[in-house]
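Hi everyone, thanks for coming. Let me walk you through one structure, starting with strands and then moving to rings and a pocket.

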Amino acid sequence: MGDLERELRDLSAWLETPDPPDVTARVRVRLSGPAPRQRRWRALAAAALVALLVAVLPPTRAAIADAVAGLLRFAGVSIATSPAPALPSGAPSPLPGQRAVALDEAQRAVRFPIRLPAKLGPPEQVLVADPDSTGTCRVATLLYDGGALRVDAFDGRLNLAFHKEATPPGVTWVEVNGDFAVWVDRPHVLSYVNRAGEIRKETARLAASTLIWQDADVSYRLEGDLSRAEAIEIARSLR
């Protein structure tokens with residue numbers, strides 16, 4: 001079994017999609033022959049991989065899978081399906097330029113509307129982080145329950161903002177308000193991805209169960225000790 005086929009099978013397992021048909025034997029029979037045909041086989045296999053990913057992934061423009069790298073990119077979050085992610089040690093550093101502000105100040109600091117979950121009410125604390133050269137921040141965070149429950153909202157038009165490592169099959173597709181979302185049902189390693197696209201390992205922390213979704217150009221992460229049904233209900237209550 002080649003690396004491409006192995007990665008494809010791994011991806012299909014944790015995406016909870018029907019097993020793709022095994023066409024390996026037929027492809028090998030048709031493409032068997034002199035060495036130059038091997039290059040043609042790899043080109044055809046790559047094209048088949050793209051076609052299969054389009055078929056098995058939910059029909060959302062925000063979902064991009066990289067079977068070779070073992071990543072799913074969705075709503076500004078990069079999810080790595082490593083089998084045994086190393087747990088972070090020590091306290092994580094804050095996000096770049098993070099500061100606590102009043103809710104009205106936070107709204108002025110970001111480009112997107114800050115929506116509050118009606119199920120949770122007003123937040124205990126509001127944070128903004130990662131300002132650009134104009135002072136406009138990339139992330140707004142609502143904290144509840146002493147910080148154990150949080151809603152991160154960030155500009156979905158920008159590059160990836162978070163990177164997480166989760167062990168399959170803990171990552172599943174769900175729906176929020178009729179659109180696709182991702183549910184991670186267990187603790188996982190969460191790191192911040194800066195504006196340059198670099199994973200900031202010093203921000204890594206052990207995150208609780210998380211719901212990830214996107215609404216218009218805003219991406220959201222709801223994290224806390226919640227069931228899937230509770231998380232979806234909170235997400236649906238954003239106003």
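Predicted model: local features only at pLDDT ≥ 70, side-chain atom pairs only at ≥ 80, totals over all residues.

**Strands, rings and a pocket**

Residues are numbered from 1 along each chain as its sequence is written, and side-chain values use heavy atoms, with hydrogens and water left out.

Strand E9 (residues 171–176) and strand E10 (residues 179–184) run antiparallel and are joined by six bridges. Strands here are DSSP runs of E with at least two residues, numbered from the N terminus, and two of them pair if DSSP finds at least two bridges between them. E9 and E10 make a hairpin with two residues between them, and Asn177 in the turn has a positive phi of about 55°. E10 also pairs with strand E13 (residues 210–215), in the antiparallel sense, over three bridges. There, Val182 has Ile212 of E13 as its bridge partner.

Now for the rings. The whole structure has five aromatic pairs; rings of Phe, Tyr and Trp (its six-membered ring) pair if their centres lie within 6.5 Å, with planes under 30 degrees apart counted as stacked, over 60 as edge-to-face and the rest as tilted. One of them is Phe154 with Phe162, edge-to-face at 5.3 Å centre to centre and 65° between the planes. Phe154 and Phe162 are both buried (under 20% relative accessible area; exposed is over 50%, partly exposed in between, with a 1.4 Å probe and protein chains only). What sits over the ring of Phe162? The charged end of Arg221 does, 5.0 Å from the ring centre; the rule is NZ of Lys or CZ of Arg within 6 Å of the ring centre and within 35 degrees of the ring normal.

Another edge-to-face pair is Trp173 and Phe180, 6.1 Å centre to centre with 85° between the planes. Trp173 counts as buried because its relative accessible area is 19%, and Phe180 as partly exposed because its value is 29%. Together with Phe74, Trp173 and Phe180 form one aromatic cluster.

Last stop, the lining of the second largest pocket. By class, the lining has seven nonpolar, four polar and two charged residues (Ala, Val, Leu, Ile, Met, Phe, Trp, Tyr, Cys and Pro are nonpolar, Asp, Glu, Lys and Arg charged, and the others, Gly among them, polar).

Definitions and conventions: Helix = DSSP H or I, 4+ residues; strand = E, 2+ residues; numbered from the N terminus.
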